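Please keep the structure in view while going through the points.

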Amino acid sequence: LNQYGDLTPEEYYTMMADKEVDEDNKVRDEYRAWAAENKKQQEYELSEERYRIFKDNYLANKRYYEQTGKYYVLNEYADMTPEEFQAMNMNNMEEEEEEE
């Protein structure tokens, strides 16, 4: 048995659901702070889609830190998927080539 052995299944699932809600609230607070710092409030209106992407990136960063002890700062692109980021970079490269 583990530390939860004395809980009923209902108590265990309730406790785990509460932990998920707490983590989601923490990540949402981090998202709001990040959005304010990066002046994203009006631009993205804190959309659920942008939040979901940010959360995925935030949790990936957290897992990376837990595995390696190294932490990356979430920059202004933290609410972009890898595909969006790559497309943005490709567009920037094309614009630079046109200017030359």
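1. Which side chains meet in a salt bridge at 3.8 Å, N to O? They are those of Asp79 and Lys40; a salt bridge is a side-chain nitrogen of Lys or Arg within 4 Å of a carboxyl oxygen of Asp or Glu. Asp79 lies in the loop between α3 and α4 and Lys40 in the loop between α1 and α2, so the pair ties together parts that are 39 residues apart in sequence. Both Asp79 and Lys40 are buried (under 20% relative accessible area, with exposed meaning over 50% and partly exposed in between; 1.4 Å probe, protein chains only).

2. This is a predicted model, in which local features need pLDDT of at least 70, side-chain atom pairs count only at pLDDT 80 or more, and totals for chains, interfaces and linings use all residues. Residues are numbered from 1 along each chain as its sequence is written, and side-chain values use heavy atoms, leaving out hydrogens and water. The mean pLDDT (the predictor's confidence in each residue, from 0 to 100) is 83.

3. The protein has four helices and zero strands (DSSP runs, H or I of at least four residues for helices and E of at least two for strands, numbered from the N terminus). Confidence is lowest in helix α2 (residues 41–44), at a mean of 64, and highest in helix α3 (residues 48–68), at 93.

4. Within helix α3, Asp56 forms a salt bridge with Arg52, their closest N and O atoms being 3.2 Å apart. The two residues are four apart, about one helical turn. Asp56 is partly exposed, at 41% relative accessibility.
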